[in-house]
Amino acid sequence: MLQRFFRKYDKTDIAMWLIGAALAVIVVYGAVQTLSAGKYSGAVWRDFIVFGLAQGSVYALIALGYTLVYGILFMINFAHGEVFTGGVFTAYFVAIALSESGFSDEHWILSLLILLTVAVVVSMAIAVLLERIAYRPLRNAPRLVPLITAIGASFFLQYTYRSLYGSGVKTYPDITQLTGTWNFFGTKILKTQGVVIVSSVILMVGLYIYVQRTKAGKAMRAVAEDKEAAALMGIDVDRVIVNTFALGGALAGAAGILYAMLFKQVNAFMGFIPGIKAFTAAVLGGIGNVPGAMLGGLFLGIVESLGPSLVLDGLGIRSPYQLKDAIAFLMLVLVLIFRPTGILGERLSEKKA
Amino acid sequence: MKEESTFTLRNAVQFGLITGFIILYISLVGMVVAFNERYIIAETITLGQIVVFLPLLILGYFSANRAKDKQGIWGLLMSLLLGVVAGALIAALVYVGTHINLRTVFINAAPELFEVLSFGRQSMGSVALTLILGGGFLAVLGGTFTLLPSWLRRALVVALSSVVLIGILQELLSITFGSRDWFKPVNEFFFEQKGLSWTGSIVILVIAALWNISRHLSRTRSSGKKKNATSRNIRAVRIASWVVGGVLLMLVPRFLGSYPSEILTIVGIYIIMGMGLNIVVGFAGLLDLGYVAFFAIGAYTMGILTTVGKLATVEWSFWLALPVAVLLALLAGVILGIPVLKMRGDYLAIVTLGFGEIIRIVVLSDWLKPKIGGAQGILQIPKATIGGYEFKGPEQVYYLVLFGIILVSFVAWRLRDARLGRAWKAMREDEDVAEAMGINLVNTKLLAFATGAAFAGLSGALFAAKLGSIFPHSFNLIVSINVLSLIIVGGIGSLPGVVAGAFILVGMPELLREFADYRMLMYGALLVAMMLVKPEGFLPEATHVRELREEEEEIILEPTAAEAP
């Protein structure tokens, strides 16, 4: 009996189960402790969730960039977080100009759209250049080579921003029309968070339609399925890949503006952590899977927003909010270890080398 | 339209724009102004100007080379066009920059930058003329290199780079040898107040060129002879050179004094880490981005066990704590290794990165502050002593680090061709095949992680004992990236490569304070450039070259160190 058990599951599997079980116990224990202590009211929890949704939708938009690229090239575009930074950071200067001239107070929607355009265009340009210069020549190289390139590109871009724009933290100007709250079926929602959630939903739906319904989207899916066959069918694979990078970059740029609305602050290194988190989200939903990335992003956003107060507080850890990022990274590690195919399953798992 | 392989006018303009944008980039990033303080040749040329000239020379060379099939003069015309376009672009930047305040966006677009880029001209017209003509001239100069025979070209490149290198090292040389008697006349001969003297630079140029040419000649002449040497002779020479090298290494701090020893110890600490990561990444092919975690574990173990400050626990001596630090790091390597056993390639990289970040965040947080000091770190870590001898300054710690390097490289060297090393390499090439050949993947992987982690632990322990205090921000991701870059630049899997990489990537920026600001920028660019141009590194390991170059034809590479001078 025992022997058969051991034959079926090797030692590492058992070790992993034990780790998983221990973690589950800790999480449940912490949550129970917090809830029974009754430190936070229902309204606070709701705020946590709304905030989680808002930041989660930003993660989701970035995650789509990872997923789209991974779906086609099977490579982690490690520099995607910096594509995101490039857009917001550049748009910051436009935002300041608009706000100083008083334009953004009069036409806040228009000025937001201008910012969005700037960020999208810049991020897109960076993503396309990245592909052209750093990734295209390495398309048939051993797998570690493009990853190392991407890491190098990531650092290169981070320090480029720092050297070009300065190392200080810059604060986005407030939009006066978006301060305060909306009453939404009896619950109060911060206006900025509401705008962020709504606009990211619009973008995600748009992307889904683009990928599923348009010809370009179809070509993209075909290339993801099989590059050679797609080429034989008359699809220009290089062009589709550039398209994919551009699309991912555009979404990252948009995500950047939403991020700036939520957190207000930008700096040269801001993209790194959201980038890793968005990657986590992409893996969480099953990398290569578009709806998965969206779900993964929202899920991660909520976990990150609830986690510190729900679990860590209950465990008696001091200032749990400092460990917010650690929770996200822990999620990343756990997902990759226990369910690398993600929640929705990885469409391309059998090809993963 | 001409055929695809030829270099058209359009290509030349494209190259010119690329060159121009590279120079704009270098200027706006602030390198030009930052490097302008350092004269290479006194009163004549600064490092900042060289940084501007270099892209023109290199791309001028390339475009002429691409256009070479069309008679020599055509290529030079292409170079000229390129240089003119690039020069015009710089002129445009100067024009815009002097009329509009770019500084609100680009912090480095200061008046000093435009002063440097104007090359002493006053009116806009003459600035533009200088830049355009100068750009064309430099690009043509780069282009003429294509007309030279390759041995002469190589000799010239080496000679010019030696001049620049020695010019850069002026400060270091005078710090190191300033007090010696023999240094004074040498210094006066070669150097002015700032930068090389003209006579000095010409002498260096000639010597370096002659040396290179003579080496080239002797290589072509003796290529057939070498086989005659008996193996015993080779062995005797090798042993002798080991002995001489060892004695020299022991004497280094005596010769150099405190500041260079300090740099050498830092380089040494990175060499130890590099040797460890080289086992994980280079031998076993497991890309570990959280490597700094083990370094941190080593340093923190040393700190906690030996500190006599506020966080004092057991107050052990260095020698007692050292094995504990190494063992704990090793253990951590195994523990973190278990969950990632089934992971491959890029997922592994991301997970290890996650581990590294988790450890850093936890160390920084208030949670463990009573134990390990949070952001304030651990202070008052005593220095190592042996008998009555205290390893207090860099000149003493040097020996400690040297001992560590010797130990670690010996282990790595013996492991490389041992059964375990071959198992690692087999696993790197193909996990499934390796498993089918009877290699126990679990043990082999865990041993790789454990060995690498132990090396990092040793390095961390030495680091703690060297500094006397440790802070969590010494252990961020950048350390992992530094170590990764150095083994990649040196050549993945190659032991001499680790040493060379550490000297280039860690030693150089420590020497040159202007470089410090651009260090990560250059590392990033270097990683990309290496992967694109020379993925096997500068001192490659034989099997790895074959692996990487399997399907490519041999490409003859030109000596380009990208934008970094």
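Author: Let us take chain B, whose domain assignment gives domain 1 (1-147), domain 2 (150-215) and domain 3 (256-549), the bounds coming from an automatic or database domain assignment. This is a predicted model, in which local features need pLDDT of at least 70 and side-chain atom pairs count only at pLDDT 80 or more, while totals for chains, interfaces and linings use all residues. Residues are numbered from 1 along each chain as its sequence is written, and chains are lettered from A and ligands numbered from 1 in the order in which they are written.

The centres of domain 1 and domain 2 of chain B, taken over C-alpha atoms, are separated by 26 Å. Their contact takes 8 residues from domain 1 of chain B and 12 residues from domain 2 of chain B, where two residues are in contact if their C-beta atoms, placed from the backbone, lie within 7 Å. On the side of domain 1 of chain B that touches domain 2 of chain B, β1 (39-41) and α3 (47-66) of chain B each supply at least two residues, and β1(B) gives the most, with 3 residues. Here helices (H or I, at least four residues) and strands (E, at least two) are DSSP runs, numbered from the N terminus.

A residue is buried if 20 or more other C-beta atoms lie within 10 Å of its own, exposed if 12 or fewer, and partly exposed in between, with C-beta atoms placed from the backbone.

Another residue to look at is B:Ala349, which is found in helix α15 (residues 345-364) of chain B. B:Ala349 is buried, because 26 other C-beta atoms lie within 10 Å. Although B:Ala349 and B:Leu289 are 60 residues apart in sequence, they are 5.5 Å apart in space, C-alpha to C-alpha. Leaving aside neighbours within four places in sequence, B:Ala349 is in contact with B:Leu287 and B:Leu289, and also with A:Leu147 from chain A.
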